[in-house]
Amino acid sequence: MTYIEELKTLAAAHSVATSYYSSTGEHIEVSEDTLLKTLNALGVNVGFGENAPTEEALRAAINEFEDAKFTRSLPPCVVAVQGDEHVFPVHVHDGAEAKVSIALETGEVVPAHQVENWSPSREINGIQWGEASFATPKNLPLGWHTLHLVTEGLTASCQLVVTPARLSTADSLVTSPVTGVMAQLYSVRSRDSWGMGDFRDLGAIAEATATTAGAQFLLINPLHAGEPFAPIEDSPYLPTSRRFINPLYIHVEDIDEVAGLAPQDRATLESYAKQFRALNDTPDIIERNPIFQAKLEILHKLFHVSRSPEREQAFREYCETEGAGLEAFATWCAEKTIAAGAMAHNSHSADMAEATDFYRWLQWICDQQLGAAQARAKAAGMRIGIMADLAVGVHPGGADAATLAPYLAPAASVGAPPDGYNQFGQDWSQPPWHPVKLAEAGYAPWRDMLRTVLRHSGGIRVDHILGLFRLWWIPRMQSPTTGTYVYYDYNALVGILVLEAERAGAVVIGEDLGTFEAWVQDVLGARGIMGTSVLWFEGSPSGGPRHQGEYRPLALTSVTTHDLPPTAGMLYGEHIALRHRLGLFTRDVADEDADDLRWQNEILQRIADTGSFQNGPLENKHFYDSNRTERGDALDLIAGMHRFIAGTPSALACLSLVDLVGDVRAQNQPGTCRDQYPNWCVPLCDSKGQPLLIEDFATHPAFRKIAEAGRR
């Protein structure tokens with residue numbers, strides 16, 4: 001083989017794509033430099049640049065990979081589907097007898113049976129190795145079991161995970177579809193908020209949307225933990241930990257120990273509450289840092305108030321449940337805080353044990369308040385209740401990057417290749433899972449994170465679920481255009497997601513937008529995972545926008561998404577104007593606008609054909625013109641669009657809270673940072689830019705009209 005053929009063979013062996021198809025269908029060959037840097041990020045130390053390997057070194061690396069695989073007694077982890085006979089390889093000294101048993105999580109032990117395998121033996125480092133194959137029984141129960149191998153001269157074990165063939169939680173929703181609402185929690189405030197939404201507001205939003213809009217679920221932004229003290233990251237999609245929760249959302253006054261505060265501390269609390277409540281009535285950009293600083297000051301005081309025996313026991317039981325993961329996270333927070341002097345700044349001891357306990361306690365308070373919000377949602381009649389959002393990855397300098405470092409690949413950064421969202425590609429800066437190291441850990445970090453997130457959630461939306469199949473790896477500090485895909489064992493990652501959701505009784509929605517291979521949606525659908533359909537992106541197999549009856553039953557369907565402006569803004573062309581101002585186009589803006597307007601007109605006509613516009617779309621004919629500068633009342637159009645969505649066969653129809661009130665400003669512009677656009681900092685406002693509170697929903701004319709249009 002030639003040098004490039006050897007390099008491609010080595011890359012393919014380590015699940016690195018050597019070519020791919022772009023969002024426009026163009027076939028792209030991955031550069032030699034990217035392949036070498038990606039292999040090195042995976043721990044395949046072949047060098048790059050001036051230290052690039054020779055052809056002989058590449059061939060040696062290929063042989064080393066094959067030898068390592070053939071001398072591994074058991075696979076890193078075996079993930080099976082219940083009801084299937086799952087066959088897996090076992091490697092032992094040639095001719096040696098192998099016995100494989102399965103220890104179930106119940107404690108029972110059952111045998112695995114051997115099946116035919118005629119693979120030839122191989123001599124490696126002077127030892128002759130042979131391969132045998134074993135199969136799991138078809139009737140194994142769901143759960144986390146252990147495989148044990150006993151053979152001449154060695155023993156080995158690995159995790160065996162038996163997953164459901166199909167997640168059952170969506171079945172009743174397919175036969176009886178429902179409507180829900182999506183909202184960015186930080187942006188939605190009540191009279192009692194401290195300038196941004198919190199856990200008490202979460203319960204109030206659920207009640208208000210269930211009562212006024214008939215919502216059966218409330219999909220919210222990720223609540224993942226941020227930095228342990230200010231300044232903190234604005235983006236909920238760049239957390240310090242995906243498993244644990246952001247204390248920024250704590251509603252301080254709802255903590256039982258408030259009653260035990262000293263008078264001067266209670267006065268401080270009330271002073272802060274008054275100061276930040278004044279922000280609820282302004283449309284100004286949300287500034288998290290002063291809010292978080294004030295909350296932390298009060299939370300430190302509350303931490304030192306004596307707890308009742310019952311609450312102390314509940315706290316300790318929570319710590320035991322979360323175990324080593326919570327201990328590692330709290331320790332990281334404490335170390336960062338003490339190093340920065342943040343504890344001393346608040347006049348509290350810099351004692352490591354106390355600081356660690358404080359951050360464990362914060363997570364317990366978050367867990368309690370999130371649980372209370374879910375209970376409130378269910379009491380209001382929601383079938384699903386709170387639906388969590390799981391970000392793609394974590395901040396490269398965060399807690400998970402440190403505590404889960406053995407299972408990550410920090411020399412690479414996750415992102416997206418160039419597409420319609422951003423024609424320069426995107427770098428999300430997040431270190432990806434290392435596919436082999438994660439498997440060798442028995443996927444425990446993935447499982448533990450899912451269990452924590454699902455504890456108080458009736459559903460989970462997995463952002464960029466395509467990342468369970470392949471992720472766009474970028475050599476760190478390079479352009480997103482220099483990346484390539486790295487493939488994962490999707491049967492394992494998807495199977496474990498299905499298992500944990502089934503046990504939690506939760507629905508799963510996969511955000512399957514962007515560039516992907518068509519079969520991916522078939523795999524997700526077969527496992528009972530709902531897809532995501534957004535009106536603006538849906539094309540019909542017969543050409544033009546998708547017809548109402550063509551939408552997927554097993555899907556969450558909406559008009560918009562948090563990565564687009566509200567629907568009014570889309571109709572006004574705000575998404576074009578904003579990206580033009582930010583210099584995100586590689587083609588002429590007039591061409592972009594013309595193409596976008598043409599597509600919008602086709603969509604609106606498709607909706608009109610169903611009779612969803614009760615007043616007739618031609619009354620809003622200015623949206624069909626090439627000049628979008630005249631801003632008419634978009635309410636009728638928005639109502640008709642949601643009426644159309646409600647009429648699709650999709651199990652879940654989702655209204656966006658910003659659409660319910662006629663908001664215009666985008667919450668996020670992908671591929672930009674704070675000095676370009678105030679991503680994730682825009683408070684909920686009406687069509688005139690005036691702030692709205694949760695208490696206003698029931699009487700707001702637009703809210704009631706669009707809610708009624710989207711009701712099922």
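Me: Hi! What can you say about how α5 and α10 lie to each other?
Reply: α5 and α10 come out roughly parallel to each other, because their angle falls under the cut-off. Angles under 35 degrees count as roughly parallel, over 145 as roughly antiparallel, 65 to 115 as roughly perpendicular and the rest as oblique. This is a predicted model, where local features need pLDDT of at least 70 and side-chain atom pairs pLDDT 80 or more, while totals for chains, interfaces and linings use all residues. Residues are numbered from 1 along each chain as its sequence is written, and side-chain values use heavy atoms, leaving out hydrogens and water.

Me: What angle do they pack at?
Reply: About 10 degrees, for α5 (residues 199–213) against α10 (residues 352–379), and the axes are 8 Å apart. Axes are lines fitted to C-alpha atoms, for helices over the stretch in contact, with angles from 0 to 180 degrees between N-to-C directions. Helices (H or I, at least four residues) and strands (E, at least two) are DSSP runs numbered from the N terminus.

Me: Which residues of α5 make the contact?
Reply: Among them are Phe-199, Leu-202 and Ala-206 of α5, and the α10 side includes Leu-370 and Ala-373. Contact means heavy atoms within 4.5 Å.

Me: What about α7 with α10?
Reply: Helix α7 (residues 288–303) packs on α10 at about 105 degrees, with axes 11 Å apart. That angle is why α7 and α10 are roughly perpendicular to each other. Leu-299 and Phe-303 of α7 are among the contact residues, and so are Phe-358 and Trp-361 of α10. By class, the contact has 7 nonpolar, 1 polar and 2 charged residues. Ala, Val, Leu, Ile, Met, Phe, Trp, Tyr, Cys and Pro count as nonpolar, Asp, Glu, Lys and Arg as charged, and the others, Gly among them, as polar.

Me: New topic! What is the strand order in the open sheet?
Reply: The 5 strands run β3-β11-β10-β5-β6, with mixed pairing. The edges are β3 (77–81) and β6 (109–111), each pairing on one side only. Two strands pair if DSSP finds at least two bridges between them.

Me: How many bridges join β5 to β10?
Reply: There are 6, and β5 (residues 98–103) and β10 (residues 143–151) run antiparallel. Lys-99 has Val-150 in β10 as its bridge partner.

Me: Last one: which domains does the chain have?
Reply: The assignment gives domain 1 (3–70), domain 2 (81–118 + 128–163) and domain 3 (198–380). These bounds come from an automatic or database domain assignment. The centres of domain 2 and domain 3, taken over C-alpha atoms, are 45 Å apart.
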